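User: I am new to reading protein models. Can you take me through some features one by one?

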Amino acid sequence: MLEFAQLLAEVGIRSVYDSWAEPVRRDWGVWAEKHIKGSDYTLVIASERYRLVGNGEARDDENRGSQWEMAILRDLLQRSRSEWITRILPVVLPGHTVAEIPDFLQPYGATHYCVPQLTREGIEDLYRTLTGLRAHVPPELGRPLVLRPKSGPGSPGWDARKNRKNR
């Protein structure tokens, strides 16, 4: 995780990582909620443990911080799905699989970001989403084709047929 956060910083992406927080006593739930709601994006890093927590399969006394985060994310998606589906980004780092994304984040039915290697090239798809830089830009529209009808007025030979009937 640290190497991934450092890579994002190297390419100009500001991220909030709990290991980088000032060493003071704090309410981590309030800290997490503030940063989730105040950030443009929240990256959910796929792991077997996070999947279990996200799917509600962890015991109450396990991974309490992760359970808090998952509860916030679930609530935000429930509150305004159209907004939060674009802001909560599941990320699969090297050594992990799509199957480790919690089910409520739709590992197979919504976009996720596979990072095959912790390099600039490896984060390209995610980087494009975080920065809004498209990989493929649609071309400008050209002039529409002008097509004559194949039958009826304006079709080839229509005037000749019309003239024969008027004789």
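User: Is Trp 20 buried, partly exposed or exposed?
Analyst: Keep in mind that this model is predicted. Buried means under 20% relative accessible area, and exposed means over 50%. Trp 20 has 41%, so Trp 20 is partly exposed. Tyr 17, at 17%, is buried.

User: Which residue lies over the face of Trp 28?
Analyst: Arg 26 does, at 4.9 Å from the ring centre. Arg 87 lies over the face of Trp 84, at 3.9 Å.

User: How do I read the sheet?
Analyst: Strands of a sheet pair through backbone hydrogen bonds, either parallel or antiparallel. Here 3 strands form an open sheet in the order E1-E2-E3, with parallel pairing. E1 and E3 stand at the edges with a single partner strand each, so one side of each lacks a neighbour in the sheet. E2 and E3 pair over 2 bridges. Val 91 stands opposite Tyr 113 in E3.

User: What is the volume of the largest pocket?
Analyst: About 1,200 Å³. Of its 36 lining residues, those closest to the centre include Met 1 and Tyr 17. H2 gives the largest share of the lining, 7 residues. The lining divides into 21 nonpolar, 11 polar and 4 charged residues.

Methods:
Residues numbered from 1 in each chain as written. Predicted model: local features only at pLDDT ≥ 70, side-chain atom pairs only at ≥ 80, totals over all residues. Heavy atoms only, no water. Pairing = 2+ DSSP bridges. Helix = DSSP H or I, 4+ residues; strand = E, 2+ residues; numbered from the N terminus. 1 Å grid on protein atoms, 1.4 Å probe; cavity = no way out; pocket = protein on both sides within 12 Å on 5 of 7 lines; lining within 4 Å. Points joined across faces, edges and corners; volume = space filled by probe spheres on them. Nonpolar A, V, L, I, M, F, W, Y, C, P; charged D, E, K, R; others polar. Buried < 20%, exposed > 50% of the residue type's maximum accessible area, 1.4 Å probe, protein only. Lys NZ or Arg CZ within 6 Å of the ring centre and 35° of its normal.
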